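Hi,

Here is the model I promised to pass along. Have a look, and my notes follow below.

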Amino acid sequence: MTLQPRCEDVETAEGVALTVTGVAQVKIMTEKELLAVACEQFLGKSVQDIKNVVLQTLEGHLRSILGTLTVEQIYQDRDQFAKLVREVAAPDVGRMGIEILSFTIKDVYDKVDYLSSLGKTQTAVVQRDADIGVAEAERDAGIREAECKKEMLDVKFMADTKIADSKRAFELQKSAFSEEVNIKTAEAQLAYELQGAREQQKIRQEEIEIEVVQRKKQIAVEAQEILRTDKELIATVRCPAEAEAHRIQQIAEGEKVKQVLLAQAEAEKIRKIGEAEAAVIEARGKAEAERMKLKAEAYQKYGDAAKMALVLDALPRIAAKIAAPLTKVDEIVVLSGDNSKVTSEVNRLLAELPASVHALTGVDLSKIPLIKKATGAQV
């Protein structure tokens, strides 16, 4: 018997509804015991009734197995799916005396295009892999092309390097030959110049020898002339000069002794005067020290009054120093129509004098009755 179990809109393990159609080949077992079981189950029923019972059994197991698998497992491995259905359903139909000879999956589809999406995904994956393969092939080709170019450039570089080395070796050899030629030329020129210098030296040496002979003769003539002149000088100049020199020497020695004695006397005089002046200075210093000591004691004793007396004593000298530039002025003209203004200016200067002195010396002149009266009247 050929059966076509069909399960419509059965949800898989992922919840995707599928419609699956299978084809099963079944028969009644011929073994005596199993044939008796089949007769017990189906005696008096038609072939169609037997098909319906087996078909419902297969569809039940097919439905249960669909709920445990994913779409990918069902679609991609139909043989395994069919084997699983056959193994699960075989015991149940076997107890009815029915044997499953074969079971295959005829068709699998869905109403939401899930399977077509899987095909598109796979197609996209294949296309992607193909694009990747093309890109990798192009990349490998580019790499290989670059490697070939690099090898070509390396070979070209090595060839250029060898050519450059050959040129450099040629130039070096050429320079060496030129240098050797120049050296030989220079050596020949130098030898020629040295030979010329030697000849000139010989000529000059002979000229010098001639000059030496001539000079010796001239020296001999001059020596004779010197002897003659010397004798003449001795007779006419030297003897009188020696006498005069002896006389001058005697006079100079006498003058020298005189000057030494005068100098000694002058030194003794200066020493005596110095000692006298030193004694006077010492006495004067002692007197001045005593005066300063007494003055200090007086200042210490009288205090501010002594300081004030010292300041008053110095004021005329200070005023003289301040007014010294005015001595060079011929005339001072005060431009003021009011005589009282000039007077007031003079009074103001007198009033500021104690403060200035106090700032310079620390002595307060305003305590002096006369100055106090004068400044007080102005204020």
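How many helices and strands are there in the protein chain? There are eight helices and four strands, taken as DSSP runs numbered from the N terminus (H or I, at least four residues, for helices; E, at least two, for strands). Along the sequence they follow the pattern β-β-β-α-α-α-α-β-α-α-α-α.

A word on the source: this is a predicted model, where local features need pLDDT of at least 70, side-chain atom pairs count only at pLDDT 80 or more, and totals for chains, interfaces and linings use all residues. Residues are numbered from 1 along each chain as its sequence is written, and side-chain values use heavy atoms, with hydrogens and water left out.

Of the 379 residues in the protein chain, 14% are buried (under 20% relative accessible area, 1.4 Å probe, protein chains only). The largest nonpolar core has 30 residues; such a core is a set of buried Ala, Val, Leu, Ile, Met, Phe, Trp, Tyr and Cys residues joined through side-chain atoms within 4.5 Å. Among the members that touch the most others are Leu18, Val20, Leu62 and Phe81. Helix α2 (47-66) is one of the elements supplying at least two core residues, and its six are the largest share.

Thr21, in strand β3, is buried, with a relative accessible area of 9%. Beyond residues up to four places away in sequence, Thr21 touches Pro5, Arg6, Ile105, Lys106 and Asp107.

Best wishes

Notes
Buried means under 20% relative accessible area, exposed over 50%, partly exposed in between (1.4 Å probe, protein chains only). Contact means heavy atoms within 4.5 Å.
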